[in-house]
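Trainee: I would like to learn how to read a structure like this one. Could we go through it together, feature by feature?

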Amino acid sequence: MPATPAASRFLRTTGQHATIEPDAFTGGAFVLSIGGAEQSHVNLADPSDIFYEYLRRIGHVVDLAAPWGEPISALHLGAGALTLARYIQATRPGSVQYAVELERELLDFVLDQLPLPAGTALDTIIGDARDALAELPAGLRFDVVILDIFSGPEAPAHIASAGFYREAAARLTPRGVLIVNVGDEPGLTLVRSQVAALRRAMADVAAFAEAGMFTGRYPGNIILTGTQGTWPDVWTAALTARGPHPAKVLSGVGLDVLSD
């Protein structure tokens, strides 16, 4: 059954409480909070509707990873409320997906309170993202690998590294892309370090965000995408047009402003 108001679960790994409650403004939608801070938004009535801007930007990159509507294989490192897994199933039925989450209680809570769309093929793994990546079947490859773990200037050193990105890149299909959400503070110290790390692991890298984020004056999210060939200029045009607005994409020498 869908979530009831203020459903709650204690998370032993972090010692915080997770709550899921209805969105007061959108029928059929729910908000996941952890420790009192909103973390995820899920629209059960329309899983293709993504509320948070940074997740919509990731969704737009996923849209470009393969022809529209074609099933893909996707790996989610950091599950949250599985908003993007729901989006992929809604827009690309028949996709095969895996999700890795460190908090067992969180994943169980989300799946119990917010059922996945009918037909979703999702395997869930409890554990550290890097450990889980290494333990996946040897021949398993993904069209999209999405890392959504970083939430501030402090990031796990074993994840925020070129070595980890090389391991993730080895899991990509020939057309596969590696998408990394980086939440950062003014100055963009973590973003800069991750641009440098991704550039050592992937053939090309682009950054996608609200235009003002690139000034380095504000906290927020920047989406980094690593490709196995040259970043397509048509992707820049498509992402800029799709927004959310105002949207900006940096690639090639334009990305050098974010070099570490």
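Mentor: Gladly! Let us start with burial: buried means under 20% relative accessible area, exposed over 50%, and partly exposed in between, with a 1.4 Å probe and protein chains only. Please keep in mind that this is a predicted model, where local features need pLDDT of at least 70, side-chain atom pairs count only at pLDDT 80 or more, and totals for chains, interfaces and linings use all residues. Residues are numbered from 1 along each chain as its sequence is written, and side-chain values use heavy atoms, leaving out hydrogens and water.

Trainee: Which residues of helix α3 are buried?

Mentor: An α-helix has 3.6 residues a turn, so residues three or four places apart point the same way. In α3 (residues 104–113), the buried ones are Glu105, Leu106, Leu107, Phe109, Val110 and Gln113. Helices (H or I, at least four residues) and strands (E, at least two) are DSSP runs, numbered from the N terminus. The cover over the buried residues of α3 includes β1 (7–11), β3 (29–34), α2 (83–91) and β7 (121–126).

Trainee: Where is Asp63 found, and what is Asp63 in contact with beyond its neighbours within four places in sequence?

Mentor: Asp63 belongs to helix α1 (residues 53–64). Its relative accessibility is 8%, so Asp63 counts as buried. Contact means heavy atoms within 4.5 Å. Leaving aside neighbours within four places in sequence, Asp63 touches Trp68, Tyr87, Arg92 and Arg242.

Trainee: How many aromatic pairs does the structure hold?

Mentor: A pair of aromatic rings is described by the distance of the centres and the angle of the planes. Rings of Phe, Tyr and Trp (its six-membered ring) pair if their centres lie within 6.5 Å; planes under 30 degrees apart count as stacked, over 60 as edge-to-face and the rest as tilted. There are 4 aromatic pairs here. One of them is the tilted pair of Phe51 and Tyr52, 5.7 Å centre to centre with 55 degrees between the planes. Phe51 counts as partly exposed because its relative accessibility is 47%, while Tyr52, at 15%, counts as buried.

Trainee: What is the order of the strands in the open sheet?

Mentor: Strands of a sheet pair through backbone hydrogen bonds, either parallel or antiparallel. Two strands pair if DSSP finds at least two bridges between them. The open sheet has 8 strands in the order β7-β6-β5-β8-β9-β11-β10-β12, with mixed pairing. Its edge strands, β7 and β12 (247–251), each pair on one side only. Strand β10 (residues 204–210) is antiparallel to β12 over 5 bridges, and Ala207 stands opposite Leu250 in β12.
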